[in-house]
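Subject: Structure handover and findings

Hello,

Here is the structure you asked for. Please open it alongside this note.

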There are 2 protein chains.
Amino acid sequence: MTQTVISSASREVVIGFETPFTVIGERINPTGRALLAEELKAGDFSCVEADALAQVAAGATMLDVNVGVPLTDEAALMAQAVTLLQSLTDVPLAIDSSVPEALEAGLEAYRGKALLNSVTGEEERLEMVLPLVRKHGAAVVAICNDDTGISPDIDVRFEVARKIIERAADHGIPASDVVVDPLAMPVGAMPGAGVQALELIHRLRTELKVNTTCGASNVSFGLPNRAGLNPTFLAMAIGAGLTSAITNPLEPTLMQAVRGADVIMDHDAQCQAWIRAHRAPAARDGRRRGRRRSRG
Amino acid sequence: MTQTVISSASREVVIGFETPFTVIGERINPTGRALLAEELKAGDFSCVEADALAQVAAGATMLDVNVGVPLTDEAALMAQAVTLLQSLTDVPLAIDSSVPEALEAGLEAYRGKALLNSVTGEEERLEMVLPLVRKHGAAVVAICNDDTGISPDIDVRFEVARKIIERAADHGIPASDVVVDPLAMPVGAMPGAGVQALELIHRLRTELKVNTTCGASNVSFGLPNRAGLNPTFLAMAIGAGLTSAITNPLEPTLMQAVRGADVIMDHDAQCQAWIRAHRAPAARDGRRRGRRRSRG
């Protein structure tokens, strides 16, 4: 029954075993997006604004914010982005950077309890990031790699997760505030990576009893029809115990899989969200016609 | 590593833990199909023929055959249908009836090792069906209900499965020739039915170590956009351990989920089937152009 509560100034999101799956919108990230990178370099947040609103409208209940562009003051950009986003939307944010100063600037600008993205099992990262998490009362994404890199062996990745959770506890951070990313690897390059990710998610859920997140599209890297494969992986991962993903809510088939998985997992009470989203057009027409008639 | 081998005169299909998911085409069944029922009553197999060819073309590697129309000689119809289908296609068949005489007539007409659909935990059914399975060296679908009906409690359904497997063993039928149907119930009517089905599938796989099958569309009964929900349930069920389904291969999104799940489960070597099915149109055009040029 682990619950990770993340909040903005006015809204709480619970990542948990008994709640609807949490979709953390991934779009605010300049990696591979030249236009967004150019804008951020020029201090222009038009694209960030549009991405935020579109992702929330599409069903994201949290937004990841990464403004990592080379040759910029990333800490200043992060503070600006966080302040802007919190004026635009009430969904909680994941503050995402590989630069500790940017993580800190984001946390200082943030109102609420953020999700810090991320810490790894690397010694230097643990000692830099965990004190920040503790100081600001945040939660943190824990990525299952350490100083030796990303192990292809899921037993090793499991032990990295355990180590991060133990180190977090040493800093006074409860396991419920650590959201583990099992690192789903591309199945095209690593045969077995898919089923291994499912096994690792299941072990993290049942043995360490933690919430989990992952970049759900990584698994299809290098394959054709990625948009056709990602929803299937995500559904299987939710079945195995995954409780959130940093992913693209603007892909309708992906969101349909998430909503369908909520129905199957019994996290959509009386299937109300599913029924609302998919009510037959005929029924809607009927209601519209009825309304018109009652006016005429 | 349980394997259930089903065969026609010239082709084997393995339902198993380490093989691609087995899609058993469900269309040859007059339930809810008035035209097919009328045709069968008149001894006309046009629709049966068309359904068989279409389902095999769409990727079914087995076909379920049910010709249960009231006021007909179902045993005679079953024998005719089986003989006809085996002249049309080499995919193995599941002989599906609630009438023991029709099961027996189907088995007698069948060339190869059939899957008999089905036996339940009801005493009378066990004693009627299992001797037929043994006599003809068939495999059998075991449905998890008994004389008390379908229990909403998955522990009870699990014990029904165990009982059927034990009784099959008493008749000399190995557990590897029993394919258990956990009975996925409609989530719209029974909250929790989806996650319970996943749990039961997982227990059947890990504790009884048997192959499983189910009518994958039952879970969405009564809900809107069933075609959008069924592939998600099926993907999650495959992740939980389901190894076959009696379902509609003519639904492209369902087959895409099955093929995607094969990729994730590492049952599609080097992702070759996925890549073949989804190769970018540009690449295909390129190859076609290349071929034309080499001729010109």
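Residues are numbered from 1 along each chain as its sequence is written, chains are lettered from A and ligands numbered from 1 in the order in which they are written, and side-chain values use heavy atoms, with hydrogens and water left out.

**Confidence**

The predictor gives the complex an ipTM of 0.92 and a pTM of 0.93. One stretch needs care: over residues 284-296 of chain A, pLDDT stays under 50. For this stretch the model has two contacts (heavy atoms within 4.5 Å) beyond four places in sequence. Where pLDDT is low, the predicted coordinates should not be read in detail.

**Interface**

32 residues of chain B are in contact with 32 residues of chain A. Between them the chains bury about 2,600 Å² (accessible area, 1.4 Å probe, lost on being put together and summed over both). Carbon and sulfur atoms carry 75% of that area. The rule finds eight residue pairs in polar contact across the interface, both residues at pLDDT 80 or more. A polar contact is a pair of N or O atoms within 3.5 Å; within protein, one must be able to donate a hydrogen and the other to accept it, and residues adjacent in sequence count only if both atoms are side-chain atoms. On the side of chain B that touches chain A, the elements giving two or more residues are helices H7 (193-208), H8 (226-240), H9 (252-264) and H10 (272-278). H8(B) gives the most, with eight residues. Helices are DSSP runs of H or I, at least four residues, and strands are runs of E, at least two; both are numbered from the N terminus.

**Salt bridges**

The structure holds 22 salt bridges over all chains (side-chain nitrogen of Lys or Arg within 4 Å of a carboxyl oxygen of Asp or Glu). Between chain B and chain A the count is zero.

Asp155(A) pairs with Arg203(A), closest N and O atoms 2.9 Å apart. Asp155(A) lies in H6 and Arg203(A) in H7 of chain A, so the pair ties together parts 48 residues apart in sequence. Arg203(A) also forms a salt bridge with Glu207(A), at 3.0 Å. Those two both lie in H7 of chain A, four residues apart, about one turn of the helix.

In chain B, Lys163(B) bridges to Glu123(B) at 3.6 Å. Lys163(B) is in H6 and Glu123(B) in H5, so this pair ties together parts 40 residues apart. In chain A, Glu123(A), Glu127(A), Lys163(A) and Arg167(A) are linked in a network of salt bridges.

**Helix H5 of chain B**

H5(B) covers residues 123-136. Just after H5(B), Gly137(B) takes a positive phi of about 60 degrees.

Best wishes

Terms used: This is a predicted model: local features need pLDDT of at least 70, side-chain atom pairs count only at pLDDT 80 or more; totals for chains, interfaces and linings use all residues. The expected span of a helix is 1.5 Å times one less than its number of residues. pLDDT is the predictor's confidence in each residue, from 0 to 100. Buried area is the accessible area (1.4 Å probe) that two parts lose on being put together, summed over both.
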